[in-house]
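Hi,

Here is the model I said I'd pass on. Have a look at it first, then read on for my notes.

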Amino acid sequence: MFFLPVEFDHNNQEVDQIKKIFIHKFNENFEHRLEYHRFLSQTSLGVKISNYLKSIDLDTDYTGFGIFLNNVNSRTLTNPHIDVLHLAHELLPIRSRFNFLIHQNESFYMIWWSKIKWGDTSLAKHEFLNKNGLPYLSMAIPGNTIEERYQYLGDLDFQLLNPLRPCGFVNTENSHALSIGPGPRLILSVGFNISLREIYERIKNRIRT
Ligand SMILES: [Fe+2]
């Protein structure tokens with residue numbers, strides 16, 4: 001299971017409130033950034049999302065509220081990866097995320113492979129440099145370049161065009177990548193150590209009761 005769309009009651013003002021906070025960042029030129037901000041959980045949309053996630057017993061403090069920002073000049077295929085939580089010297093899984101699309105100019109695709117997931121022995125602990133030039137360890141799909149990683153993974157198993165309308169749960173424990181179009185893109189995101197299958201079961205049981 002790779003994607004689980006959900007119905008979510010919200011209004012445009014709540015989405016615009018978050019867009020306005022971050023839109024100035026798009027004056028800068030950059031490819032990809034993930035920022036965690038505690039205040040996001042206190043915005044009107046953040047409170048609704050928190051309440052919803054807590055109603056299916058999902059711990060929003062595991063990663064906290066983050067925001068993905070992209071601003072590329074032309075269509076870009078991102079590095080295939082699995083999501084990892086960096087806690088001091090520990091690496092923990094982010095098996096799934098609740099993602100809410102705040103803004104995008106162009107369509108995006110999300111693609112997944114069954115081949116490699118969290119726990120797979122072929123995942124290498126690999127040293128990367130963060131944007132400040134400091135080294136950090138992460139779990140890398142075999143290959144020295146993005147192209148080599150795509151080659152290693154081979155044919156993809158699932159692809160979705162514009163999966164977030166505007167929100168849903170995505171599988172982030174399997175290897176995945178994005179194709180993003182040019183211009184600003186903003187995604188509100190909360191990560192969990194719970195598989196998408198388990199979240200699906202929780203939602204199903206909640207609807208029954
Ligand atoms: Fe990811």
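The protein has 4 helices and 14 strands; helices (H or I, at least four residues) and strands (E, at least two) are DSSP runs, numbered from the N terminus. Bear in mind that this is a predicted model: local features need pLDDT of at least 70, side-chain atom pairs count only at pLDDT 80 or more, and totals for chains, interfaces and linings use all residues. Residue numbers start from 1 along each chain as its sequence is written.

Overall dimensions first. The C-alpha trace spans about 45 × 45 × 35 Å along its principal axes. For 209 residues, a compact globule would have a radius of gyration near 17 Å, and the protein agrees, with 17 Å (taken over C-alpha atoms; the globule rule is 2.2 Å times the number of residues to the power 0.38). Of the 209 residues, 28% count as buried. Here buried means that 20 or more other C-beta atoms lie within 10 Å of the residue's own, exposed means 12 or fewer, and partly exposed is in between, with C-beta atoms placed from the backbone. Among contacts with a separation of 6 or more, 85% are between residues 24 or more positions apart; a contact needs C-beta atoms, placed from the backbone, within 7 Å.

Now the sheet. 4 strands make an open, antiparallel sheet in the order S4-S13-S8-S11, where two strands pair if DSSP finds at least two bridges between them. S4 (76-77) and S11 (158-161) are at the edges with a single partner strand each, so one side of each has no neighbour in the sheet. Going across from S4, there are 2 bridges between S4 and S13, and Thr76 has Ile180 in S13 as its bridge partner. S13 (residues 174-180) is mostly covered, with 5 of its 7 residues buried. S13 and S8 are joined by 6 bridges, and Lys117 is opposite Asn174 in S13. On to S11: 4 bridges tie it to S8 (residues 108-117), with Met110 opposite Leu160 in S11.

Then the core. In the largest nonpolar core, which has 34 residues, the members that touch the most others are Ile67, Phe100, Ile102, Ile187 and Leu188. S8 supplies the largest share of this core, at 6 residues. (Such a core is a set of buried Ala, Val, Leu, Ile, Met, Phe, Trp, Tyr and Cys residues joined through C-beta atoms within 7 Å.) In soluble globular proteins, nonpolar side chains tend to be buried together.

Gly64 is in the loop between helix H2 (44-55) and strand S3 (65-72). Gly64 has 14 other C-beta atoms within 10 Å, so it is partly exposed. Residues up to four places away in sequence aside, Gly64 touches Tyr36 and Arg38. Its C-alpha is 30 Å from that of Thr145, 81 residues apart along the chain.

Asn11 lies in the loop between strand S1 (3-5) and helix H1 (12-22). Asn11 counts as exposed because it has 10 C-beta neighbours inside 10 Å. Asn11 and Leu92 are 81 residues apart in sequence, and their C-alpha atoms are 34 Å apart.

Cheers

Notes: Contact = placed C-beta atoms within 7 Å.
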